[in-house]
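Here is a walk through the model, helix packing to begin with and sheets after that. Keep the viewer open as you read.

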Amino acid sequence: MQRYSFAKRWRLHVPIAPIVLLALSPIVVLIALATQEPLEFGSRNWRILGNTVGLTALTVLGAVAIGAPLAFATTCLKLRRAGLVLAMLVFPLAVPSYIGAFAYFAATGPGGEIENLFGIAPPEVRGLFGTAWVMTLYTFPFVVLSVRASLLRLDAGLVESGRTLGLTPLGTLSHVIFPRIRGGIASGALLVALYTLSDFATPAILGFDTFTRAIYVEYNAFGLSRAAWLSLQLLLLVLVVLTFESRAKTVRENPGRTLRWNPLPATKFCIFISTTLIWISSVGLPFVLFFIWIKREGVRSFEPSILLHSVVPAGLAAFCAVIVALPLAQAASYGGRTENWMLRLTSFGFGIPGIVMGTALVYVGLHLPWMYQTTAMLVLGYVLRFLPLATGSLREGLDRLENSLSAAARSLGASPFETFRRVKLPLIMPAALSGAALIFLEAMRELPLTLLLRPTGMETLTTRLWQVYEAGYFGDAAIPGLLLIFTSFIAMLLFIRTERLLRLAPEAET
Amino acid sequence: MLSIETLNIHYGDVHVVRNLNLHIAKGEILALVGPTGCGKSSALRAIAGLLEPSKGEIRIDGQATTNDNFVPPEKRSAGMVFQDFALFPHLNVEENVGFRVSESSQVDLWLSNLGLKAFRESMPETLSGGQKQRVALARSLAHQPKLLLLDEPLSNLDAALKIDLRLQIRHAIKKAGVTAIWVTHDQNEAMAIGDRVAVMREGRIVQVDTPEKCYEAPNSRFVAKFFGDGSFLKGIASETGAETAIGLHPFVHTNGAFLPSANSVSQVEVLIRPHDIDLIEETPGNATVQTQAYEGETRHYLVQLDSGETLEARLSHEHRIQPETRVRAVVKSRHPLVAFHLKKNQPST
């Protein structure tokens with residue numbers, strides 16, 4: 001690509017450097033905070049590590065076991081209403097996993113809603129297996145989508161030539177298809193791992209001691225230093241996953257026909273049954289519960305101000321993040337090595353679990369009393385965490401924009417500002433809007449960060465749900481829960497449309 | 001109108017333009033031609049102000065720009081036509097052409113001059129390549145630049161379209177009376193559109209001349225080869241002409257002040273274009289036909305002279321000489337041939 005240098009490169013770096021520093025500040029803060037006390041790694045710590053790794057491993061296994069076959073079924077088998085089946089399988093992404101956890105918490109076990117309704121108490125969904133089950137239900141669509149993407153890239157000709165060389169259908173599955181979609185499975189699995197590691201509310205609600213839950217417990221007990229130490233350990237795990245993710249390669253296939261097989265009736269029946277069961281247990285259960293509660297207790301307990309408290313900070317965060325992301329994306333689209341690294345560093349924020357980011361910023365807040373527990377602090381937290389969604393989106397927009405367009409505007413006599421206003425801005429507006437929308441929706445449903453950073457007494461949809469869980473007035477969760485599902489649903493649509501699901505990290509240097 | 005003094009451009013450690021000097025008169029079209037990577041596009045961008053040179057002065061209509069006094073592109077009044085057209089995708093044809101034009105008459109004028117009236121409201125993505133390039137040209141001309149810079153304007157278009165469009169563009173530039181530099185890697189295009197042609201090689205300008213001079217009197221083997229096929233035969237130059245394996249011929253020198261005199265003989269290489277040659281089927285002759293290729297209007301032959309040298313010839317398609325046939329190769333052109341002085345240790349490029 002041709003590069004046009006209007007300005008010396010360092011002029012680009014000046015506005016970015018503070019953003020990069022700010023994005024990295026949580027990690028510096030955590031290190032400073034953790035080292036205030038001697039770092040211990042005791043038996044409890046071992047147990048937390050074991051729990052976290054165990055939960056992640058089980059969830060990944062479960063998600064792949066459910067996701068990969070169903071992705072194959074919906075992509076490569078001739079099914080009636082394959083689109084509907086696929087939509088049903090992706091829909092769980094629209095339910096934040098903590099809502100699922102909350103529903104299982106309220107429904108199962110002695111005294112749960114199921115016992116109230118049917119008189120029989122199903123076993124409690126708690127602990128390692130219960131948590132892994134719930135996590136799996138809400139993360140397996142990541143695997144469905146990424147495997148589906150690789151299957152769509154797979155040329156049917158490959159499979160057919162396998163058959164002409166003497167392979168059985170099952171033989172082509174293991175010798176031809178599986179090797180081609182391994183990358184897709186891996187990238188889906190890594191997303192699931194990342195999600196599981198960062199999730200706070202699911203293990204917390206289901207009473208399973210992972211890093212995120214332990215950090216919150218320490219935070220509540222004023223053990224900020226301990227919380228920071230645990231946070232660093234969790235970050236290390238995240239970093240391992242991110243490293244794998246940046247190495248995961250998806251094979252570029254030549255475009256061709258997609259594979260289409262006729263399924264056996266028994267296979268069709270299995271797909272039908274499993275999809276229905278998964279949908280009932282992931283999506284049906286919370287919906288049924290929420291509607292039962294609304295019917296029983298009405299909607300009086302819901303204060304509209306809660307919605308406002310969710311919308312305003314999320315909206316501010318979306319706006320600020322796009323503004324901040326603009327120079328970053330601009331610099332990265334020049335394609336230099338330095339700029340790419342800067343973008344990578346800021347995108348690390350998305351890998352930092354909400355609870356970890358929250359811990360770091362609470363500590364910052366303690367030293368900046370004018371910031372502590374203000375909406376500004378909450379917005380800052382959202383911006384740091386979700387900035388990469390905006391830079392990614394903007395960068396895509398800028399990359400599509402040919403360099404020669406600015407050059408053309410300049411040589412027609414437009415100043416740099418006029419060029420930006422009349423050429424660049426209108427052209428990247430759609431990308432900026434979709435980035436902003438994505439951040440808005442993500443911030444709306446973010447729980448731990450909101451819990452830690454919100455101004456005292458300000459209830460949002462997510463903190464309301466948390467409060468209900470802690471107080472046990474389940475009925476009050478119905479409206480916030482449904483609103484959150486609605487929010488997530490829109491976010492999911494945007495997410496899938498931009499296919500960002502499959503590309504979390506920014507592209508490597510070209 | 002435009003003068004460039006010792007222009008130097010570096011990309012990191014790569015020195016892409018070296019001590020370039022160029023002077024262009026008002027209203028002149030200069031074709032800047034050279035192989036890919038010779039630095040011609042970089043030179044053009046530096047003139048436009050889209051790239052900062054490492055050294056040198058560019059003076060456009062009296063306005064000087066140097067490194068210490070860098071004039072940004074929008075203040076240079078140098079319009080640029082890009083290889084990829086660079087039409088603003090969110091604006092229609094009329095809005096593109098009138099991007100920063102205050103008088104709408106200019107927009108109308110160039111839309112009609114370039115046959116774009118019917119496409120006023122069209123969005124760029126609905127246009128064909130040739131239409132896009134005409135819009136790009138109309139846009140530049142409607143802004144009334146002092147200098148028009150064209151960066152390989154035809155290289156993204158179909159071959160069939162190129163010849164027609166290059167004449168249209170040349171015509172429009174002449175009509176506007178604007179001074180222009182037209183960068184291309186296509187020597188035929190350069191000869192067809194340039195009042196003068198500047199040939200660049202490895203960052204340097206090696207010859208600036210009319211198209212005729214560049215073809216007929218190249219000042220180096222590089223320029224000679226760049227503008228067309230040809231063979232070089234060794235010869236001994238004297239007052240009467242150059243004696244080569246196929247006979248004695250009058251010649252001119254273009255690379256140096258060598259003047260043959262009665263008492264000096266000198267070794268030279270003589271440029272022979274394929275159409276300078278005739279092949280006569282004859283034994284013993286002086287050469288053997290190696291290959292024959294049918295080209296439609298002509299046939300192309302490669303023959304090996306008895307001296308060991310090979311020679312290209314392009315004859316009418318009517319007669320076919322089979323490979324292995326013995327022939328006599330003779331020079332049929334009446335004009336003097338170009339001879340290059342063969343210095344000792346000179347690389348024969």
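This is a predicted model: local features need pLDDT of at least 70, side-chain atom pairs count only at pLDDT 80 or more; totals for chains, interfaces and linings use all residues.

Helices (H or I, at least four residues) and strands (E, at least two) are DSSP runs, numbered from the N terminus. The axes of helix 7 (residues 156-164) and helix 8 of chain A come within 10 Å and cross at roughly 140°; axes are lines fitted to C-alpha atoms, for helices over the stretch in contact, and angles run from 0 to 180 degrees between N-to-C directions. That makes helix 7 of chain A oblique to helix 8 of chain A (under 35 degrees is roughly parallel, over 145 roughly antiparallel, 65 to 115 roughly perpendicular, and the rest oblique). From helix 7 of chain A, Leu158(A), Val159(A), Gly162(A) and Arg163(A) meet residues of helix 8 including Pro169(A), Val176(A) and Arg180(A), with contact meaning heavy atoms within 4.5 Å.

Helix 8 (residues 169-198) of chain A also packs with helix 11 (residues 224-247) of chain A: their axes come within 10 Å and cross at roughly 165°. The two are therefore roughly antiparallel to each other, and this crossing is left-handed. Leu190(A), Ala193(A), Leu194(A) and Leu197(A) on the helix 8 side meet a set in helix 11 of chain A, among them Leu234(A), Val241(A), Phe244(A) and Glu245(A).

Now look at helix 10 (residues 211-220) of chain A. It is largely enclosed by the rest of the structure, because 7 of its 10 residues are buried (under 20% relative accessible area; exposed is over 50%, partly exposed in between, with a 1.4 Å probe and protein chains only). Phe211(A), Ile215(A) and Tyr219(A) are among the buried ones. After helix 10 of chain A comes Phe222(A), with a positive phi near 60°.

Over to chain B, which has 8 helices and 21 strands. Its C-alpha trace spans about 75 × 50 × 35 Å along the principal axes.

An open sheet of 6 strands in chain B has the order 6-7-8-3-9-10, with mixed pairing; two strands pair if DSSP finds at least two bridges between them. Strand 6 (78-81) and strand 10 (204-209) of chain B stand at the edges with a single partner strand each, so one side of each lacks a neighbour in the sheet. The twist averages 20° from one strand to the next. Strand 6 of chain B pairs with strand 7 (residues 147-151) of chain B in the parallel sense over 4 bridges, and Gly79(B) stands opposite Leu148(B). Helix 5 (residues 159-176) of chain B packs on this sheet, touching strands 3, 7 and 8 of chain B.

Finally, strand 1 (residues 2-11) and strand 2 (residues 14-24) of chain B run antiparallel, joined by 7 bridges. They form a hairpin with 2 residues between them, where Gly12(B) in the turn has a positive phi of about 60°.

Key
Residues are numbered from 1 along each chain as its sequence is written. Chains are lettered from A and ligands numbered from 1 in the order in which they are written. Side-chain values use heavy atoms; hydrogens and water are left out. A crossing is left-handed if the near helix is turned anticlockwise from the far one by less than a right angle, and right-handed if clockwise.
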